[in-house]
Amino acid sequence: MPRKSQAEDEAENRLIWPPPHAHQLLILLEAFVKKTHGAIPNIKDFKVMAEKLLGPCAKRYRPAQVKSKYHRMRIIYSKFKKLINHTGFGWDFDNNTPLCDTDVWDDYCKANPGVNKFKYVGLPDYEMHKNVFEKSNATSGLGYSSANPPCDVDDEENIEDRFLHPDNGRSDDDEEAFQDYIGGQNSGSKRAGPSSGRGRGRKKRTTDADCVSAAMMEVASALKSRADISMASQRLHSETVNNEEEFSLAACQKIVDSMGVTPTAYLKAMQYLMANKEWRGVFRRMSEVLRWSWIASLDC
């Protein structure tokens, strides 16, 4: 049997799991994670969820289908999270979609298959996905997502601490100098207690600490300036793009294309959007669940 293409696989998944059904599963998963404090569901848990889905979905799912959908959602969220953390894009906070040139986006899609649909529709129920699948918000080095707001004071100190306190190859003297600056608040470091042998060289270590303090202050200032400039640029770009695309028929068409609706529903939706320009902006801001309901109402 020939292998299914990615588009065919996604179309089949939408038939088995329409967006309203996937939303109901996310509600159950979110409640499970909250109740179990982040545990990963097993086949018994999927069986319980399958039974609970019967009422709101009016469809009986097998536990194996629920498990498969869970892992599919986890992979999709992982791809979207990677997109958010990509520092080369701006971000449309209203639609939760990336902002970048077409060539840049095409290159990113080639390197990361399966993300093209996020260009115009983002990830529906993103916060629910995050609550279910997020394990850690840690980032490495000075990396900072283009989708994040500017750092506040605490964030800046955390970034500096991760960068300047890697706990690799530091001597006791260096450790004490750093601790003198941050007031002993670095919980990841082990600081030695008072000792009579620490009296010698105190003046030199204090001087070193002053130098480190000045360097860290300079890094903090640079980080804040970079974040402020980045956010100002993103907001300006976002406002410009939003004004241009608010009533874009092409943008609406791409959203309808990505939904995989029937040809009849597709034509009715496009005819309505062509005739009613003011509805294009409303359609673009709808959640995926509402878009499906709206298109279904046209098909009546």
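**Rings, charges and loops**

Reader: Trp105: buried or exposed?
Author: Trp105 is buried, because its relative accessibility is 4%, and the cut-off for buried is under 20%. Keep in mind that this is a predicted model.

Reader: How many aromatic pairs are there?
Author: The count is 15 aromatic pairs. One of them joins Phe89 and Trp105. That pair is tilted, with 5.9 Å centre to centre and 50° between the planes.

Reader: Why do we give both a distance and an angle?
Author: A pair of aromatic rings is described by those two things: how far apart the centres are, and the angle of the planes.

Reader: Where do Phe89 and Trp105 lie?
Author: Phe89 lies in the loop between α4 and β1, and Trp105 in helix α5. The pair therefore ties together parts that are 16 residues apart in sequence.

Reader: And Phe89, buried or exposed?
Author: Phe89 is buried, with a relative accessible area of 3%.

Reader: What about Phe283 and Trp294?
Author: Phe283 and Trp294 also form a tilted aromatic pair. Phe283 sits in helix α13 (residues 278–285) and Trp294 in helix α14 (residues 288–298), so the pair links parts eleven residues apart in sequence. Both Phe283 and Trp294 are buried.

Reader: Which residues form one aromatic cluster?
Author: The cluster is made of Phe46, Tyr70, Tyr77, Phe80, Trp91, Phe118, Tyr126 and Phe133.

Reader: Switching to charges. How many salt bridges are counted?
Author: One salt bridge is counted. Glu134 pairs with Lys81, and the closest N and O atoms are 3.0 Å apart.

Reader: Which parts of the chain does that pair link?
Author: Distant ones. Glu134 is in the loop between α7 (126–133) and α8 (153–164), while Lys81 is in helix α4, and they are 53 residues apart.

Reader: Is Glu134 buried or exposed?
Author: Glu134 is buried, at a relative accessible area of 18%. Lys81 has 30% relative accessibility, so Lys81 counts as partly exposed.

Reader: Which residues form the negative surface patch?
Author: Asp101, Asp103, Asp106 and Asp107. Asp101 is in the loop between β2 and α5 (102–111). Asp101 counts as exposed, because its relative accessibility is 56% and the cut-off for exposed is over 50%.

Reader: Now backbone angles. What is the phi of Ala58?
Author: Phi of Ala58 is near 55°, which is positive in a residue other than glycine.

Reader: Why point that out?
Author: Because most residues other than glycine have a negative phi.

Reader: Where is the place of Ala58?
Author: Ala58 is in the loop between α3 (43–57) and α4 (63–84). Ala58 is exposed, with a relative accessible area of 68%.

Reader: And what is the phi of Asn96?
Author: Asn96 has a positive phi of about 60°, and it is not a glycine. Asn96 is in the loop between β1 (90–92) and β2 (97–99).

Reader: Last one. Where is Pro18?
Author: Pro18 is in the loop between α1 (6–16) and α2 (19–36). Pro18 counts as partly exposed, at 22% relative accessibility.

Reader: How many residues apart are Pro18 and Val289 along the chain?
Author: They are 271 residues apart along the chain, yet their C-alpha atoms are separated by 8.9 Å.

Key
Residues numbered from 1 in each chain as written. Predicted model: local features only at pLDDT ≥ 70, side-chain atom pairs only at ≥ 80, totals over all residues. Heavy atoms only, no water. Helix = DSSP H or I, 4+ residues; strand = E, 2+ residues; numbered from the N terminus. Buried < 20%, exposed > 50% of the residue type's maximum accessible area, 1.4 Å probe, protein only. Patch = residues over 30% accessible without salt bridge, like charges linked within 9 Å, V, L, I, M, F, W, Y side chains within 5 Å. Areas by Shrake-Rupley, 256 points an atom, 1.4 Å probe, with all protein chains shown as cover. Salt bridge = Lys/Arg side-chain N within 4 Å of Asp/Glu carboxyl O. Lys, Arg positive; Asp, Glu negative; His and termini not counted. Charge placed at Lys NZ, Arg CZ, Asp CG, Glu CD. Phe/Tyr/Trp six-rings, centres within 6.5 Å; stacked < 30°, edge-to-face > 60°.
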